[in-house]
Amino acid sequence: YKGSSKGGIWRYDVAGEYWDNISPVTNMSLNGISVDNTTQPTVIAATTNHGGLWQGWKPGVVSWGDDIYRGFIDSKGKVTWGAKRLLEGQTVNYDTKWFDQSSGMHWTFDVEIDPFNKDRIFVVSGNGVYSSDNFTKTPSLWYHNVRNMEETITMEAASKPGGPFL
């Protein structure tokens with residue numbers, strides 16, 4: 001979990017009675033985890049959080065953001081981590097009608113795979129909600145589902161002398 005250099009994704013083997021670290025190779029702490037175990041191979045997604053990674057979302061545009069890892073778990077529990085979200089055209093494409101090209105997907109506190117469709121995934125971010133309808137494919141296509149929304153931060157509060165706090 002964020003803030004812990006020793007965090008990660010662990011799987012418990014009931015038959016062997018041992019824990020197995022199945023984390024993707026990263027020096028970042030992991031935050032959101034989602035698993036779709038309705039199909040074989042099982043799909044797993046994990047996000048970093050607040051990594052401040054400098055990434056290119058579009059050619060020539062560099063912003064900071066976090067990584068979203070995609071993996072598959074076979075019937076024996078072995079995890080194969082595949083692509084993570086990187087530069088457009090390599091592992092992902094972005095719908096430019098719905099994607100803020102000047103800002104990366106960051107503060108990715110949660111990721112959820114649709115329990116009825118392993119290819120559909122949602123990621124919450126500091127600048128909205130993102131989704132993909134073909135998450136298990138390379139390249140996957142991502143949408144920015146919320147426009148003109150940002151978190152609310154109080155920069156100043158004022159009230160009339162002797163009046164109620166506003």
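How many aromatic pairs does the structure hold? The structure holds two aromatic pairs, an aromatic pair being two rings of Phe, Tyr or Trp (its six-membered ring) with centres within 6.5 Å. The model is predicted, so local features need pLDDT of at least 70 and side-chain atom pairs count only at pLDDT 80 or more, while totals for chains, interfaces and linings use all residues. Residues are numbered from 1 along each chain as its sequence is written, and side-chain values use heavy atoms, with hydrogens and water left out.

**Figure 1. The protein chain as a whole.** The protein chain contains zero helices and 13 strands. Helices (H or I, at least four residues) and strands (E, at least two) are DSSP runs, numbered from the N terminus. Buried residues account for 39% of the 166 residues in the protein chain; buried means under 20% relative accessible area, exposed means over 50%, and partly exposed lies in between (1.4 Å probe, protein chains only). Of the contacts between residues at least 6 apart in sequence, 45% join residues at least 24 apart, where a contact means heavy atoms within 4.5 Å. The accessible surface of the protein chain is about 9800 Å², and 56% of this surface belongs to carbon and sulfur atoms. Accessible areas come from the Shrake-Rupley method with a 1.4 Å probe, and for residues only the protein chains shown count as cover.

**Figure 2. The aromatic pair of Tyr12 and Trp19.** A pair of aromatic rings is described by the distance of the centres and the angle of the planes. The rings of Tyr12 and Trp19 lie 5.0 Å apart, centre to centre, with 50° between the planes, and the pair is tilted. Planes under 30 degrees apart count as stacked, over 60 as edge-to-face and the rest as tilted. Tyr12 is partly exposed because its relative accessibility is 38%. Trp19, at 55% relative accessibility, counts as exposed.

**Figure 3. The aromatic pair of Tyr69 and Trp81.** This pair is edge-to-face, with 6.4 Å from centre to centre and 80° between the planes. Tyr69 belongs to strand S7 (residues 68–73) and Trp81 to strand S8 (residues 79–84), so the pair ties together parts that are twelve residues apart in sequence. Both Tyr69 and Trp81 are buried.

**Figure 4. Arg70 and the ring of Phe135.** The charged end of Arg70 sits over the ring of Phe135, at 5.8 Å from the ring centre. A charge sits over a ring if NZ of Lys or CZ of Arg is within 6 Å of the ring centre and within 35 degrees of the ring normal.

**Figure 5. Salt bridges, including that of Asp114 and Arg120.** Side chains of opposite charge can pair when their charged atoms come close. A salt bridge is a side-chain nitrogen of Lys or Arg within 4 Å of a carboxyl oxygen of Asp or Glu. The whole structure holds five salt bridges. One of them joins Asp114 and Arg120 at 3.8 Å, N to O. Asp114 is buried, with a relative accessible area of 18%, whereas Arg120 is partly exposed at 30%. Other salt bridges share partners and join Arg11, Asp13 and Asp20 into one network.
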